[in-house]
Amino acid sequence: MPIQVNKPYLPDIKKYQKYLETIWNNHHLTNFGPLSCALEERLCDYLGIDHALFVANGTIALQIAYKLAGLQRDDAIITTPFSFVATTSTLLWEGLKPVFCDISPTSFCIDTHKIPTLITEKTKAILGVHVFGNPCEVQALQALADKHNLKVIYDAAHAFGVRLIEKTSNAQTAQKGTSIFNYGDISTLSLHATKLFHSIEGGLIIAKDPAYITEAKKLINFGLANALPTTIGINAKNSEFHAAMGLCVLDDIDTILQERQRIWEYYYKHLKDDFTTQTLHQNASNNYHYFPIVFPSQEELSKALTQLNALKIFPRRYFYPSLDDLSFAPTPYACPISRDIASKILCLPLYVGLPQVAQDSIIHTLKTLKHAEA
Ligand SMILES: *Cc1c(COP(=O)(O)O)cnc(C)c1O
C-alpha cells in the first residue's frame with residue numbers, strides 16, 4: 001500500500017449507520033437539519049467558541065467571510081503567499097486584490113513587521129493563515145488592524161483545537177488558554193477529509209459577533225430570509241450526511257490527537273537535529289496537524305522525494321509554489337522568503353494508522369541522505 005501524506009480518518013461504521021437511521025427517520029437531509037445543528041453546538045463547546053456555522057467547505061467559507069467583512073471588488077487585502085492555493089484563489093474569485101506580505105522564515109506565518117509599508121487607502125483587510133496550525137501574531141495583527149481600521153480574517157483551516165495562552169490571562173484561562181478562533185473578526189475552518197477533524201467535505205465560519213453568523217446563514221442559503229430573497233446569496237449549505245460524519249469523528253477526537261502527537265513527536269525526536277523545523281508559537285498548543293521539514297536546498301529535497309517515492313512513500317510539497325508565484329495570477333508583490341521556503345519544504349506522512357515501519361523508513365531514508373551530504 002502506498003503511503004500518502006494523509007489518510008482520512010474513518011470512524012466506526014456502525015456508529016455512522018446509526019446516524020443514517022436517524023436521518024431516515026427524520027427525513028431531513030439538508031438545510032440546517034438537527035444533526036448539523038448538533039454538530040455546530042458540540043463544536044462550539046469543544047473548541048471554546050461562541051458561534052459557528054457549518055458550511056459546504058473551507059473554500060466557500062472564506063468567500064462568505066469576505067462578504068461578511070463587507071469587502072468589495074478591487075479592495076486590497078494584505079495576505080500571505082505561503083498557504084494552500086484557496087487562500088489566494090478565493091480573493092481573486094471575489095475580485096479582491098491580494099497584496100502579498102512576506103513570511104517569517106521561522107514561523108512560516110505572515111511577517112507582521114512587514115505589513116505597515118503595504119497599507120494604502122485601498123487596504124480593507126488582513127487575511128492571515130495559521131500555517132500548519134501555528135498561530136499568527138494575533139495580538140500584534142489586531143493592533144495594526146485597529147490602527148488602520150482594517151478587518152482581520154483568518155484562514156484557520158489547519159488550526160482545529162489550537163489554543164493560545166495570553167500573557168495577561170487570568171487564572172481561569174491560564175491553564176487551557178482561549179481558542180485561536182476567538183481572534184480576528186472572522187475565522188474559517190476546513191473540515192475536508194484530509195484535515196485533522198473532518199466531515200468528509202465541510203467548513204466552519206466562526207465569529208464572536210453573532211450578527212455575522214445570522215448574516216452568513218442567509219448568504220449560504222441563496223440570500224433567503226423568511227423564504228424571500230433579500231440579498232445576493234449562494235448555496236453553501238452542508239448536509240446531514242456530512243454532519244453525521246463530523247459527529248462520529250468528534251467522538252474520537254481525543255484518540256486522534258493522541259495518536260498524531262505520538263507520531264509527530266517521534267519525527268521530531270529523530271529529525272530535529274538534521275532538518276529545520278517550524279518554530280512554534282511559545283504560548284500556543286500544538287495540534288500536530290502537519291510535520292514539515294525544510295531542506296538546505298531544492299536539490300536535496302528532490303533527491304529525498306525521489307528516494308521516498310521509490311519506496312512508495314509520497315510526502316507532499318506543502319506549500320508549493322509560493323502564491324506570489326502563481327502562473328495564472330501574476331502579481332507585483334514578490335516574496336523571496338516565502339519562495340525560498342516553498343522550494344525547500346516537505347510535509348511528511350502524518351495520520352492515524354501510519355504504520356511504524358513506514359515512519360521508520362522515512363526517518364532512515366532522510367537521515368541517510370543527510371549524512372551522505374555531509
Ligand atoms: C484545506 C484548505 C483550504 C480549503 O478547504 P476545503 O475545505 O478543502 O475547501 C483552505 N485553506 C487552507 C490553508 C487549507 O489547508
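A salt bridge is a side-chain nitrogen of Lys or Arg within 4 Å of a carboxyl oxygen of Asp or Glu. The exercises below apply this definition to a predicted model, in which a search of the whole structure finds 12 salt bridges.

**Exercise 1.** Determine which parts of the chain the pair Lys15 and Asp251 links.

*Solution.* Step 1: the side chains of Lys15 and Asp251 meet in a salt bridge, with an N to O distance of 2.8 Å. Step 2: Lys15 belongs to helix 1 (residues 13–26) and Asp251 to helix 8 (residues 240–251), so distant parts of the chain, 236 residues apart, are linked. Step 3: Lys15, Arg42 and Asp251 are joined in a network of salt bridges.

**Exercise 2.** Classify Asp75 as buried or exposed, and locate its salt-bridge partner Lys124.

*Solution.* Step 1: in the salt bridge between Asp75 and Lys124, the closest N and O atoms are 3.9 Å apart. Step 2: Asp75 lies in the loop between helix 3 (58–68) and strand 3 (76–79), whereas Lys124 lies in strand 5 (residues 123–129); the pair therefore ties together parts 49 residues apart in sequence. Step 3: buried means under 20% relative accessible area. Asp75, at 11% relative accessibility, is therefore buried, while Lys124, at 34%, is partly exposed.

**Exercise 3.** Explain how Arg262 and Glu259 are placed in helix 9.

*Solution.* Step 1: a salt bridge joins the side chains of Arg262 and Glu259 (2.8 Å, N to O). Step 2: because these residues are 3 residues apart in helix 9 (residues 253–271), about one helical turn separates Arg262 from Glu259. Step 3: Arg262 is partly exposed at 37% relative accessible area, and Glu259 is partly exposed at 22%.

Notes
Residues are numbered from 1 along each chain as its sequence is written. This is a predicted model: local features need pLDDT of at least 70, side-chain atom pairs count only at pLDDT 80 or more; totals for chains, interfaces and linings use all residues. Side-chain values use heavy atoms; hydrogens and water are left out. Helices (H or I, at least four residues) and strands (E, at least two) are DSSP runs, numbered from the N terminus. Buried means under 20% relative accessible area, exposed over 50%, partly exposed in between (1.4 Å probe, protein chains only).
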